[in-house]
Amino acid sequence: MKEEKKIAVVTGASGDMGFAISLMLSAKGANILMLDVEPPKSNLPEGAQFFEGDITDKSFLKEIIDRFATHQGKINYLVNCAGVLWFDKDRSLIDIDFNVWDKVLEINLKGAALAARYTIPWMKLSGNGSMVHISSIQALRGDKKAQDAYGASKAGLLALSKSLAIQLAEYKIRSNAILPGAIHTQMQKRWTQNKRLAKTIAKTVPLGRLGTKKDIANATSFLLSDSSSYITGIELIVDGGLTARP
Ligand SMILES: NC(=O)c1ccc[n+]([C@@H]2O[C@H](COP(=O)([O-])OP(=O)(O)OC[C@H]3O[C@@H](n4cnc5c(N)ncnc54)[C@H](O)[C@@H]3O)[C@@H](O)[C@H]2O)c1
């Protein structure tokens, strides 16, 4: 039997993980709406459409999602991948500028909530759905060199994901979170600039290497697909064993 064509929305799709996830979805034959504030650095994968815009802009987001879904007739998948980690400005709550705090929470948490709000009606119409929210292991732990807005936003995403899982289970819509560890992407370009630092961090990872965008695309593929049809409301840690360390 031929499998039904899947229709997906990916935020942060010009970023390293978002683009790798879009490529993975394209390879599985999906049609994809790719959203980002930045244009993609490579040619779009087959079946993908890209729109440049800010996911915190409610009217932009709703209009683009509704237009895409009307054309496709449904939405099956949402991947909330857009996010910011501002090393220079995101600090301890003791001295962070709360305008920075608000902006990080707005992008990392509210942006994901808005994308979920506007895709859920279309998933209900499809009779099924699967969402993956890209959180972070920083949602689970503290750090002396704190990035408190980032950690709080990513922890908020976990609560939101679980709540959606419970609210939407009766509609056969699943919601799960992925918690990446140290993944070598554009967000961590400091590791490309400082190879020694990259090596030092890799040594702290039990599996002995930094993670890749492919590691995250593989985990996302599993959680979106029917292979995980009995899994909802979980946090999948993809960190090479970092958080399991004593
Ligand atoms: N790289 C890591 O080590 C790591 C670890 C844990 C979690 N994460 C999370 O993984 C996700 C993907 O990050 P990445 O490593 O691929 O970094 P990335 O910087 O390559 O990708 C993030 C993308 O989000 C986009 N974005 C930012 N604000 C946006 C907005 N308002 N509207 C639309 N798009 C916006 C950026 O333009 C960028 O393309 C992020 O949510 C990040 O917090 C990354």
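User: Which residues have the most contacts inside the largest nonpolar core?

Analyst: This is a predicted model, where local features need pLDDT of at least 70, side-chain atom pairs count only at pLDDT 80 or more, and totals for chains, interfaces and linings use all residues. Residues are numbered from 1 along each chain as its sequence is written, and side-chain values use heavy atoms, with hydrogens and water left out. A nonpolar core is a set of buried Ala, Val, Leu, Ile, Met, Phe, Trp, Tyr and Cys residues joined through side-chain atoms within 4.5 Å; buried means under 20% relative accessible area with a 1.4 Å probe, protein chains only. The largest core holds 27 residues, and those with the most contacts inside it are Ile21, Leu25, Ile134, Ile178 and Ile216.

User: Which element gives the largest share of this core?

Analyst: Helices (H or I, at least four residues) and strands (E, at least two) are DSSP runs, numbered from the N terminus. Elements giving two or more residues to the core include β1 (7–11), α1 (16–27), β5 (129–134) and α7 (213–224). Six residues, the largest share, come from α1.

User: Is α1 mostly covered or mostly uncovered?

Analyst: Its buried residues include Met17, Phe19, Ile21 and Leu25. They pack against β1, β2, β4, β5, β6 (173–180) and α7. With nine of its twelve residues buried, α1 is mostly covered.

User: What span does α1 reach from its first C-alpha to its last?

Analyst: The expected span is 1.5 Å times one less than the number of residues. For the twelve residues of α1, 16 Å is expected. The model comes close to that, at 17 Å.

User: Which residue with a positive phi follows α1?

Analyst: Its phi is near 90°. The residue is Gly29.

User: Which element gives the largest share of the lining of the largest cavity?

Analyst: A cavity is a set of points on a 1 Å grid over the protein atoms alone where a 1.4 Å probe fits but cannot get out; lining residues have an atom within 4 Å of a point. The search finds one cavity of 30 Å³ or more, with volume taken as the space filled by probe spheres set on the points, joined across faces, edges and corners. The largest share, four residues, comes from α3.

Methods: Buried means under 20% relative accessible area, exposed over 50%, partly exposed in between (1.4 Å probe, protein chains only). On a 1 Å grid over the protein atoms alone, a cavity is a set of points where a 1.4 Å probe fits but cannot get out, and a pocket is an open set with protein on both sides within 12 Å along at least five of seven lines; lining residues have an atom within 4 Å of a point. Contact means heavy atoms within 4.5 Å.
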